[in-house]
Amino acid sequence: MDSLPVYDSSRRGMPALEELRELLRYSNLVIQTARRNIVVRYKRSILGIAWTMLNPLGTTLILSFVFSRVFGGASSYAVYVLSGLLCWTFFAQTTSDSMHNLIWGGNLLKRIYVPRTVFAVSAVLTGLINMVFSLVPLMVVMLFARVPIRLTMLILPIPALFLAMFALGVGLILSTIAIYFIDVTEMYTILLTAWFYLSPIIYRKDMLPQDYAWVVHLNPMYYLINLFRAPIYDGRIPVLSEFLVAGAIALSTLVVGWIWFSSRADDFAYRV
Amino acid sequence: MTLPTVSDPMVDIPLSQPLVDSPDTRGSNLMEAIRLENVGVCYRAPSERIPSIKEYTIRWLQGKIKHREFWALQEVNLSVMKGETLGLIGNNGAGKSTLLKLIARVLRPTIGRVLVRGNVAPLLEYGAGFHPELTGRENIYLNGALLGYSRKQMEEKFERIVDFAELWDFIDAPLRTYSSGMWARLGFAVATDVQPDILIVDEVLSVGDETFQRKSADRMQEFRNRGATVLLVSHNMNLIEEMCQRAAWLDHGRLRAVGKPDEVIQAYRRSQA
């Protein structure tokens, strides 16, 4: 019996669903690519993979020093900053990487078929792995800053998942634009800096003048960071409404990004 | 024998039986591996460079964006039988690579229809997707994943691949320490271990030393013996004549002739004179 796969260019289901099916078929590629990203980064260094933890630890120590000594805040404030920074680094890194991977992977796109979402999804997976690594230095700082490490932190996979969904959605939207306008990669760097200061990462929302508080509420990252930070810094499980708002932001961004990206995916090989 | 000219339909292509693609009747025609129906590929490039998004938006709103259309392929009808080796010839820019991309699913045709039955293994450029910092072993797994294989499938293939590439001594050294010949050997070994139904070979049989070239040629022969379909692009007419049952000549995106290799090559050469 003939069971060969048949490819028919004239048969086209919903691009978004087809892309999802293909991505699942290529899940090994996502894993291997994420693995490569992490291994290659530290390959030639003597300490190797240990840098995935040493790196955030160094940043952390400097930050804790700056915030507790120079700005004179309570030492627990370092934990506040760090937990926010963890989210931010993840978001900034994965969204930029999604874009760059697609553009630099373009050579590959012209040669063989791979699902186009592989680039963004593996960037997000890489980011998630790095995030898990950086939880270790975070907990070291929590010990020093006398912020109790509570069991509430076990809820973190949910906020992390929402963050990942949001970052993937944004990454896909950016990638789609970047295929047509490469300038976006540069513009995004600037945008990220502005966005960083518009997000309550190094400051608290209540530190802002009342007149500007609304700006923060328009920022989707505010809700996502809060959800992530509550179990760490406040040691509490976020309330249902917090989950719902963050989840809705994450899901809708992902759906919009995924559908738009896949509907344009056929064009990429023509453009890259 | 007269070769079909541009105005002639491609009479020597057996078009009589359509390739059935609905699952229930799939068994009724096992012979056709690839079928292109009236295929056209059009690249649309803006006729002038628009440097910024602002500029682009303004012109888009004014409806002033002009695109230059370039048809890389036009009205291509071609069918390749299972187990056949077909050679593609033509000048640079004639559309050979575009045609291969259609079959490898890299491009979707602008118009027309592409039907491909079976797994396609592209042999476009060895080692595309290799990373110099990773070891040979790691690269094998990464490359296998690129070709759509699971980790388990790659574990089964691993030994065979290293055997064929003869790289056991260097398998745990990073690829940047490899010579270009070793690099090519590894690439070829990974790409051809996949036992594809359709193998796409784009001007690559020239890599490596003589021994390795012979090995590659043997492996191609193996594929054909097993009933795989091979699409071969080359400027080496001897190779085409030697390896292929049929040849197709592409000229400015159109299929000029399909038929016996020596006849198609002759016609091609006449046009060049």
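Five of the six residues of strand S8 (residues 246–251) of chain B are buried, so S8(B) is largely enclosed by the rest of the structure. A residue is termed buried if 20 or more other C-beta atoms lie within 10 Å of its own, exposed if 12 or fewer do, and partly exposed in between, with C-beta atoms placed from the backbone. Helices (H or I, at least four residues) and strands (E, at least two) are DSSP runs, numbered from the N terminus. The model is predicted: local features need pLDDT of at least 70 and side-chain atom pairs count only at pLDDT 80 or more, while totals for chains, interfaces and linings use all residues. Residues are numbered from 1 along each chain as its sequence is written, and chains are lettered from A and ligands numbered from 1 in the order in which they are written.

S8(B) pairs with strands on the basis that DSSP finds at least two bridges between them. With strand S3 (residues 85–89) of chain B, the pairing is parallel and comprises four bridges. Within this pairing, Arg246(B) of S8(B) is the bridge partner of Leu86(B), and Trp249(B) of S8(B) is that of Ile89(B). With strand S9 (residues 254–259) of chain B, S8(B) forms five bridges in the antiparallel sense. Asp251(B) has Arg254(B) in S9(B) as its bridge partner. The hairpin of S8(B) and S9(B) has two residues between the strands, and His252(B) takes a positive phi near 50° there.

S3(B) is likewise largely enclosed by the rest of the structure, because five of its five residues are buried. In a regular strand the side chains alternate between the two faces of the sheet. In S3(B), Thr85(B), Gly87(B) and Ile89(B) point one way, whereas Leu86(B) and Leu88(B) point the other way, and all are buried. S3(B) also pairs with strand S7 (residues 229–233) of chain B, in the parallel sense and over four bridges. In S7(B), Leu231(B) stands opposite Leu86(B).

Chain B as a whole has eight helices and nine strands. Of its 273 residues, 44% are buried. Two residues are in contact if their C-beta atoms, placed from the backbone, lie within 7 Å. Of the contacts in chain B with a separation of 6 or more, 73% are between residues 24 or more positions apart.

Chain B averages a pLDDT of 80, and 80% of the residues score at least 70. Among the elements of chain B, S8(B) has the highest mean pLDDT (94) and strand S5 (residues 120–123) the lowest (74). The pLDDT is below 50 over residues 1–29 of chain B, a stretch that has 38 contacts in the model beyond near neighbours in sequence. Where pLDDT is low, the predicted coordinates should not be read in detail. The model scores ipTM 0.79 and pTM 0.83.

The contact between the chains takes 31 residues from chain A and 37 residues from chain B. On the side of chain A that touches chain B, the elements giving two or more residues are strand S1 (6–8), helix H2 (27–42), H5 and H11. H2(A) supplies the largest share of this side, six residues. By class, the side of chain A that touches chain B has 16 nonpolar, five polar and 10 charged residues; Ala, Val, Leu, Ile, Met, Phe, Trp, Tyr, Cys and Pro count as nonpolar, Asp, Glu, Lys and Arg as charged, and the others, Gly among them, as polar. S1(A) runs antiparallel to strand S4 (residues 111–117) of chain B, joined by three bridges. Val116(B) in S4(B) stands opposite Tyr7(A).

Helix H11 (residues 240–271) of chain A has 32 residues and should span 46 Å at 1.5 Å a residue, which agrees with the 44 Å between its end C-alpha atoms. The expected span is 1.5 Å times one less than the number of residues. H11(A) bends by about 50° at Ala265(A), the bend being the angle between axes fitted to the seven residues ending at a residue and the seven starting there. The buried residues of H11(A) include Ile249(A), Leu254(A), Trp258(A), Phe261(A), Ala265(A) and Phe268(A). The buried residues of H11(A) pack against helices H1 (15–25), H5 (106–111), H7 (157–180) and H10 (220–234) of chain A.

Technical notes: pLDDT = per-residue confidence, 0-100.
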